[in-house]
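Hello,

Here is the structure I promised to hand over. Please open it first, then read my notes below.

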Amino acid sequence: MTRKRIAVLALQGAFIEHEKMLTDIGVDSFEVRQLADWNQPKDGLIIPGGESTTQLKLLKDLGLLEPIRTAIEKGLPVFGTCAGLILLAKKVEGEDFDRISTMDIDVRRNAYGRQLGSFATKAEFKGIGEIPMTFIRAPYINNVYGSSEVLATAGGHIVAAKEGNQLVTSFHPELNDDTSVHRYFIDNML
């Protein structure tokens, strides 16, 4: 069987931590910093946490926004964490501008407050079981619609969802030692 190869958006944010998780589960990865990187063969994409507005500006400036959106719409599996979730959402509370916007979710950014509002907890994740969840200035999903499906809630809020080839978490699974969410992406989305 051929090893999977995942593109990791490396413009800003926690991309190195995602690469380590992929290495830990035996999956190859490469960094996407420009269009030439994006044009390499890949089995999926990870969009890390960080600053969604910075990432969006860079995606537009580097000519990556449309190629990434088109690839996802054509079925490329994608996993977005925190800022990645915001970039994939079709609706973000209080904002009306273009993002990647491929997933039927309505999101509230910085829902848990500023950096001091960061926290860790454990909660059930559908198809995995109880997992650790680290939230840093995290968004949450107000609601899902269309064919999106809730995968996890924490504190009464939706914190993970999937739709077709897309997986999102408002928490950072790359910031602990539990590889189960990354395994879920590789095993169920690719």
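Glu66 is partly exposed, with a relative accessible area of 42%. On this scale, buried means under 20% relative accessible area, exposed means over 50%, and partly exposed lies in between (1.4 Å probe, protein chains only).

Before going on, note that this is a predicted model: local features need pLDDT of at least 70, side-chain atom pairs count only at pLDDT 80 or more, and totals for chains, interfaces and linings use all residues. Residues are numbered from 1 along each chain as its sequence is written, and side-chain values use heavy atoms, with hydrogens and water left out.

Which residue forms a salt bridge with Glu66? It is Arg69, and the closest N and O atoms are 2.3 Å apart. A salt bridge here is a side-chain nitrogen of Lys or Arg within 4 Å of a carboxyl oxygen of Asp or Glu. Side chains of opposite charge can pair when their charged atoms come close. Glu66 and Arg69 are three residues apart in helix H4, so about one helical turn separates them. Helices (H or I, at least four residues) and strands (E, at least two) are DSSP runs, numbered from the N terminus.

Arg69 is buried, at 10% relative accessible area. Arg69 also meets Asp98 in a salt bridge (2.8 Å, N to O). This pair links distant parts of the chain: Arg69 sits in helix H4, Asp98 in the loop between strand S5 (89-92) and strand S6 (103-108), 29 residues apart. Asp98 is partly exposed, with a relative accessible area of 38%.

**A second pair**

Arg108 forms a salt bridge with Glu93, with the closest N and O atoms 3.5 Å apart. Arg108 is in strand S6 and Glu93 in the loop between S5 and S6, 15 residues apart. Both count as partly exposed: Arg108 at 34% relative accessibility, Glu93 at 43%.

Shared partners join Glu66, Arg69 and Asp98 into one network of salt bridges. The whole structure holds eleven salt bridges.

**Helix H3**

Helix H3 covers residues 52-61, and its buried residues are Ser52, Gln55, Leu56 and Leu59. They fall within an arc of 100° seen down the axis, so they line one face of the helix. The arc is that of the directions from the helix axis to the C-beta atoms. The face turned away from the buried side carries exposed Lys57 and Asp61.

What covers the buried residues of H3? The cover includes strands S1 (5-9) and S3 (44-47), and helices H4 (65-73) and H5 (83-88). Just after H3, Gly63 takes a positive phi of about 70°.

Best wishes

Technical notes:
Contact = heavy atoms within 4.5 Å.
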